[in-house]
Amino acid sequence: MRFMVIVKATPESEQECALPDPQGVADMNKSTDELIKAGVLLSYEGLHPSSKGARVHFSGKNRTVIDGPFAETKELVAGFMLWQVKSLEEAIEWVKRSPNCHAGESEVEIRQVFEPEDFAYGFSEEDIQQEKEIRAQLADQAAKK
Amino acid sequence: MSATDLHRTIEAVWRIESARVIAGLTRLTRDVGLAEDLAQEALLAALEQWPQTGVPDNPAAWLTATAKRRAIDLFRRNAVAKRKHEDLARDLATLEQTVPDLNSTLDDPIGDDLLRLVFISCHPILSTESRAALSLRLLGGLTTAEIARAFLTPEPTIAQRIVRAKRTLAEKHIPFEVPRGPEVAARLSSVLEVIYLIFNEGYSATAGDDLIRPTLCEDALRLGRILAELTPQEPEVHGLVALMEIQASRTRARIGPTGEPILLLDQNRAHWDLLLIRRGLAAIDRATNILNTSSTTNRSPTDISPAPKNNPTRGPYLLQAEIAACHARAHTPEATDWPRIVSLYTELAHLTPSPVIELNRAVAVSMANGPQAALDLVEALATDPSLDRYHLLPSVRADLLYKLGRHHEARTQFELAASLTQNTRERVLLLTRAASCRTPPR
């Protein structure tokens with residue numbers, strides 16, 4: 001299963017032209033490297049501060065454009081990774097091992113990605129019931145032989 | 001944390017750490033079976049103790065330390081019997097006393113132990129089935145029950161297979177090492193074969209009602225991606241990874257709403273996974289770059305492949321990946337570069353002659369040069385006894401006959417193909433096509 005690992009913004013990550021701390025970058029690279037070596041990391045991207053972004057607000061037929069920056073820093077996304085792991089717990093374990101590149105508080109959110117098998121190939125209740133009946137009949141016939 | 005949550009956390013830690021723990025222990029004990037037993041004992045100890053003590057800060061170090069203490073105890077008990085082990089136990093005890101961080105004694109920064117574990121799990125002395133089971137167990141961190149479920153095989157059968165494999169490795173004194181010299185090519189191809197077997201078992205389920213068992217594909221891809229980082233100089237490893245990434249990119253598109261298979265050219269390409277395609281194409285680039293530079297530059301000391309020939313050739317996995325890439329790059333079926341696919345199949349058939357590859361080449365020829373040219377090739381193949389029970393031969397033949405308007409003959413071949421396939425879904429598709437031959441267009 002795949003998870004999107006969402007790195008939330010911090011006051012530092014929201015600063016324009018903020019020079020990242022070299023040690024933080026080194027730690028992050030080491031962590032990325034480990035994730036690649038473990039066959040876990042599929043892709044990753046870092047995002048510019050929200051001051052360089054925009055929002056489009058939908059309301060019925062209206063579309064309103066709101067330019068960044070946005071206030072609620074802790075709710076903003078600063079970067080994301082796509083991981084392939086066996087369980088949510090495995091994703092949590094990997095996140096716990098990641099370095100904390102921020103001096104203060106920061107947060108990482110883990111969300112599962114929909115996979116084809118989540119859609120169960122559209123079997124209806126009738127299909128399943130019919131299949132069960134056919135199997136029961138076959139078992140019945142086999143027993144009579 | 002509830003007991004279930006804790007259990008799942010321990011499972012997750014195991015999944016992440018078990019291969020490295022087992023690899024490190026194998027180096028110390030020189031016995032992969034024993035190493036795994038010790039690691040399993042450590043896991044059991046964790047399951048007993050962590051509910052009381054909580055999960056330690058560094059769970060991997062805890063598992064390793066526990067397993068190693070058990071190894072020392074075991075060797076002490078056996079020390080009288082075997083001098084060699086006595087030395088080993090002393091070494092271990094000394095190591096433990098002198099090195100404050102227990103984990104660092106098993107630390108394996110360049111992954112050499114892990115690579116040794118890959119090679120020993122896939123040793124050609126074992127049957128491919130055993131290699132697959134052992135690899136999933138030792139490298140993938142899967143339980144016997146999970147492997148059994150994935151292969152639709154009873155659990156005792158898999159357990160037996162693993163026990164026997166470990167015994168064979170011990171009895172034959174298979175060394176825990178990365179092969180060098182002339183052995184490398186054969187040993188590496190044995191590893192690649194196992195990974196691709198696991199992938200294919202998931203991707204085109206050979207038995208059962210489902211066409212795809214995605215977990216096995218994911219396990220194989222993960223093993224492949226790990227191997228690609230362990231042996232970055234091996235073009236065929238990147239070739240295999242590329243092949244698996246690109247094939248996996250079609251998972252969403254190749255099954256219809258009622259679970260029926262959808263053929264490549266009928267698939268909705270918008271459902272192909274662009275991320276996996278991109279990863280696949282990148283892996284092809286990595287392989288190609290190695291081949292292009294290997295004859296001119298000095299090679300890395302960790303490079304385990306034999307010295308390159310002056311004229312580096314693409315291996316079978318890379319060629320298959322290139323073929324898959326031809327499809328991946330085409331935004332519509334009409335945009336497919338069929339002449340390139342024909343030439344890649346020709347290169348592949350030259351490298352690894354096989355009637356199955358010839359059959360695939362014939363399909364490409366039919367797209368490049370029309371059905372009659374392909375039918376000539378297929379009918380020549382029909383005399384090959386090794387394809388007697390291979391359902392794709394009559395299936396391809398039927399398709400070509402259908403395209404040539406020879407519906408009556410096509411129907412017989414579709415029915416023959418349906419009677420040969422083991423997969424329920426595929427049989428339904430073939431019978432549907434057979435039925436469609438009843439009313440030939442005027």
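**Two chains, questioned term by term**

Modeller: Chain A has three helices and six strands. Chain B has 20 helices and zero strands. Both kinds of element are DSSP runs numbered from the N terminus, a helix being H or I over at least four residues and a strand being E over at least two. The model is predicted, so local features need pLDDT of at least 70 and side-chain atom pairs count only at pLDDT 80 or more, while totals for chains, interfaces and linings use all residues. Residues are numbered from 1 along each chain as its sequence is written, with chains lettered from A and ligands numbered from 1 in the order in which they are written.

Biologist: In what order do the elements of chain A run from the N terminus on?

Modeller: The order is β-α-β-β-β-β-α-β-α.

Biologist: What makes the strands of chain A an open sheet, and in which order do they stand?

Modeller: Four strands of chain A are placed in the order β2-β5-β1-β6, with antiparallel pairing. β2 (41-46) and β6 (108-112) of chain A are at the edges with a single partner strand each, so each has one side without a neighbour in the sheet. From one strand to the next the twist averages 15 degrees.

Biologist: How do you know that β1 and β6 of chain A pair?

Modeller: Two strands pair if DSSP finds at least two bridges between them. Strand β1 (residues 2-8) of chain A and β6(A) have five bridges, in the antiparallel sense. Val5(A) stands opposite Ile110(A) of β6(A).

Biologist: What makes the peptide bond from Gly68(A) to Pro69(A) cis?

Modeller: Its omega is near 0 degrees. Pro69(A) lies in the loop between β4 (62-67) and β5 (77-84) of chain A.

Biologist: Why is Tyr402(B) called buried?

Modeller: A residue is buried if 20 or more other C-beta atoms, placed from the backbone, lie within 10 Å of its own, exposed if 12 or fewer, and partly exposed in between. Tyr402(B) has 21 such atoms, so it counts as buried. This residue is found in helix α18 of chain B.

Biologist: What is Tyr402(B) in contact with, leaving aside its neighbours within four places in sequence?

Modeller: Two residues are in contact if their C-beta atoms, placed from the backbone, lie within 7 Å. For Tyr402(B) these residues are His407(B), Ala410(B) and Cys437(B).

Biologist: How many of the residues count as buried in each chain?

Modeller: In chain A, 15% of the 145 residues are buried. In chain B, 42% of the 442 residues are buried.

Biologist: How do you know that the buried residues of α17(B) line one face of the helix?

Modeller: In helix α17 (residues 371-381) of chain B the buried residues are Pro371(B), Ala374(B), Leu375(B), Val378(B) and Leu381(B). Down the axis of α17(B) they fall within an arc of 115 degrees, so they line one face. That arc is taken over the directions from the helix axis to the C-beta atoms. The face turned away from them carries the exposed residues Gln372(B), Glu379(B) and Ala380(B). The buried residues of α17(B) pack against α16 (355-369) and α18 (392-403) of chain B.

Biologist: Why are α1(B) and α6(B) called roughly perpendicular?

Modeller: Helix α1 (residues 3-29) and helix α6 (residues 112-121) of chain B pack at an angle of about 90 degrees, with their axes 8 Å apart. Angles under 35 degrees count as roughly parallel, over 145 as roughly antiparallel, 65 to 115 as roughly perpendicular and the rest as oblique. The two helices are therefore roughly perpendicular to each other.

Biologist: Which elements of chain B touch chain A?

Modeller: In total, 22 residues of chain B are in contact with 18 residues of chain A. The elements of chain B that give two or more residues to this side are α1, α11 (214-230) and α13 (274-294). α1(B) gives the most, with seven residues.

How values were computed: Axes are lines fitted to C-alpha atoms, for helices over the stretch in contact, and angles run from 0 to 180 degrees between N-to-C directions.
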